[in-house]
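Please work through each solution with the structure in view.

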Amino acid sequence: MALKSKLVKTYLLVIISLFSLTNVYSKDAISEKIEFGRNLMTLHKFEDAVKVFDTVLTKDQTNPDALFNKGLCLFRLDSFKLALSVLNKLIKVVPEVSDAYNLRGLVYLNLQDTSLADKDFSKAIDIDPKFSEAMLNKAKILLDKGKDKEGYALLLKANKNDTTNAELYFQKARAEHALGKYEDAIKDFNNAIDYNYFNPDIIYRRANSYYKAKKYENAIKDYTQVISWEPLNVLAYNNRAFAYDAIGDSLYARQDKQVVRDINLSTTLDPSKAKMETFYPEDSSFSILLPEDFKMHQHSYKDSIVVDFYPDSLLTYDNRLGIKVKIIPYFSKIIGSNEPADIIEKWRNIQDSIAGNIKYYRYQPAERVNKTYHSYPSILDKILVQKDIKSIASINWNYAIAYSEHLVEIHFVIPLALYNYYNKIFQNTISSFQLIKIPEKIKDKK
C-alpha cells in the first residue's frame with residue numbers, strides 16, 4: 001500500500017499481522033472481525049476498516065491487533081494525531097513490539113517531529129536488531145541531516161538482513177554518492193532498478209554518479225531519459241550541458257544552456273506586459289499583431305507568398321521561436337472545389353497524412369480546435385514536436401483558414417520552456433490576423 005503523505009512516502013512500513021496474541025483474547029468473533037478489517041485494508045477501505053476495529057475495541061479496549069491496525073488505518077488516512085493517540089495506547093499495552101515503534105516513528109515524521117521519530121526507530125531496532133525497515137527509516141533521517149557515514153553504516157547492516165529491498169538499495173546508493181563512492185552508487189542504483197524502483201529521480205541520481213565517475217556518455221543517456229519524461233527539468237538540462245562539455249560537444253552544450261536560460265526566463269515573463277506591434281508584409285496583404293522585437297522576412301513563390309517572423313535575438317539551434325504565414329491564393333483550383341469546407345477538409349487530411357509519416361523522435365498531437373474566422377472555417381492543431389532524442393521539444397501550432405477560395409496557413413514554433421508565456425501572446429496573434437487582400441503578384445500569375 002503506497003503511503004499518501006508526501007513527507008513520508010519513502011519511509012517503509014511492513015504491514016503484517018503484528019501479534020499472535022489472539023489466544024489471550026480468544027473469541028472467534030473478535031478474530032473474524034480482525035481478519036475482516038485487514039481485508040478491508042487490503043482494498044484500501046481504511047475508513048470502513050477503522051469502524052470494524054472499533055467494534056472490537058468496544059469489547060476489548062486493549063486488543064493489540066485492533067489497536068495497531070486502527071493506528072495504521074488512521075496513518076493511511078493522514079489522521080496523524082488520532083493515529084498517535086491510538087499507538088500511544090498500544091505501546092502501553094505491549095511495550096516491546098518493534099513494529100509499533102516503527103509505525104509511531106512514521107507518524108512522528110508526518111507531525112514534523114524528527115527527533116521523536118528517530119527515537120522510535122532506534123527503539124524498534126533495540127527490540128529487533130534485525131529489523132531492516134526500521135534501520136532504513138532511521139538511516140534516511142541521518143542522510144537528511146548530512147550524517148552520511150552514520151547513515152551508510154546503518155544501511156550496510158540493514159542490507160545484510162534484507163537483500164531484496166529496492167528502497168534500501170536506493171538509499172544506500174544515495175549515501176555512497178555523498179561519500180564519493182560513485183562506482184558503488186551506480187551499482188546500487190542499478191540494484192534498486194532491478195527490484196522495480198524506477199522513476200525519474202533515480203535515473204537523475206544515477207546520471208550524477210555517472211558524471212562524477214567520468215562516464216559522461218552514460219550520464220548523458222540518463223539525463224536525456226529524465227528530460228524525455230520531464231521536458232522542463234532544469235537540473236537535468238544543466239547537468240547534461242556539463243556532460244556535453246566534458247566530451248567536447250559544444251553545440252549540444254550550448255543548446256542545453258539556452259534551455260536553462262529559457263526556463264529561468266519564463267518564470268519572470270508576464271504576457272500582459274509584452275509590447276506588441278502590428279506588422280504588414282511588403283504588399284500589405286495582411287496584418288498581424290506580434291511582439292515589437294520581431295523581425296520579418298518575405299518570400300514570393302509562383303503559387304504562394306510566405307512571410308517569416310522571428311525575434312531579433314533568434315538563435316540558430318532547432319525549434320527556436322518563429323512564425324510562418326503562408327497564403328495560397330485560389331487553393332480551390334488545386335483541389336477542384338471552391339467550397340471553404342472542402343478546402344479546410346483537404347488541409348486537415350494533409351496534416352493527418354504528415355503526422356502519420358513524420359519521422360521525428362516525438363510528434364504528439366495534443367489538441368485540435370475547430371474555429372471560425374469571419375464566418376470562414378478554420379482549424380488549429382497543437383502538437384508536441386521533438387526532431388530527435390537530442391533536440392529540444394517545442395509546441396507547434398498549425399492554423400489554417402479556408403478564406404473563400406484561398407488557403408491561409410499560420411505556423412507557430414514555440415520552445416516548450418517558453419510556452420506558458422507565448423501561448424497567451426500567440427492566442428492574441430491569431431485573433432488579430434486580418435487578411436486584407438490577395439497578393440497582386442500571385443493574382444497576375446493565375
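**Exercise 1: a pair of helices**

α7 and α9 are roughly parallel to each other (an angle under 35 degrees). The model is predicted, with local features requiring pLDDT of at least 70 and side-chain atom pairs counting only at pLDDT 80 or more, while totals for chains, interfaces and linings use all residues. Residues are numbered from 1 along each chain as its sequence is written, and side-chain values use heavy atoms, without hydrogens and water.

Task: Determine at what angle the axes of α7 and helix α9 cross, and which residues make the contact.

Solution. Step 1: the axes (lines fitted to C-alpha atoms over the stretch in contact, with angles from 0 to 180 degrees between N-to-C directions) of α7 and α9 (residues 166–178) cross at roughly 25° and come within 11 Å. Step 2: the contact (heavy atoms within 4.5 Å) joins Leu136, Lys140, Leu143 and Asp144 of α7 to Glu167, Leu168, Gln171, Arg174 and Ala175 of α9. Step 3: these residues comprise four nonpolar, one polar and four charged.

**Exercise 2: a second pair**

Task: State how the axes of helix α6 and helix α7 are arranged.

Solution. Step 1: the axes of α6 (residues 114–127) and α7 (residues 132–144) cross at roughly 150° and come within 9 Å. Step 2: α6 and α7 are therefore roughly antiparallel (over 145 degrees). Step 3: residues of α6, among them Phe121 and Ile125, meet residues of α7 including Met135 and Ile141. Step 4: the residues of this contact divide into seven nonpolar, three polar and two charged.

Key:
Helix = DSSP H or I, 4+ residues; strand = E, 2+ residues; numbered from the N terminus. Parallel < 35°, antiparallel > 145°, perpendicular 65-115°, else oblique. Nonpolar A, V, L, I, M, F, W, Y, C, P; charged D, E, K, R; others polar.
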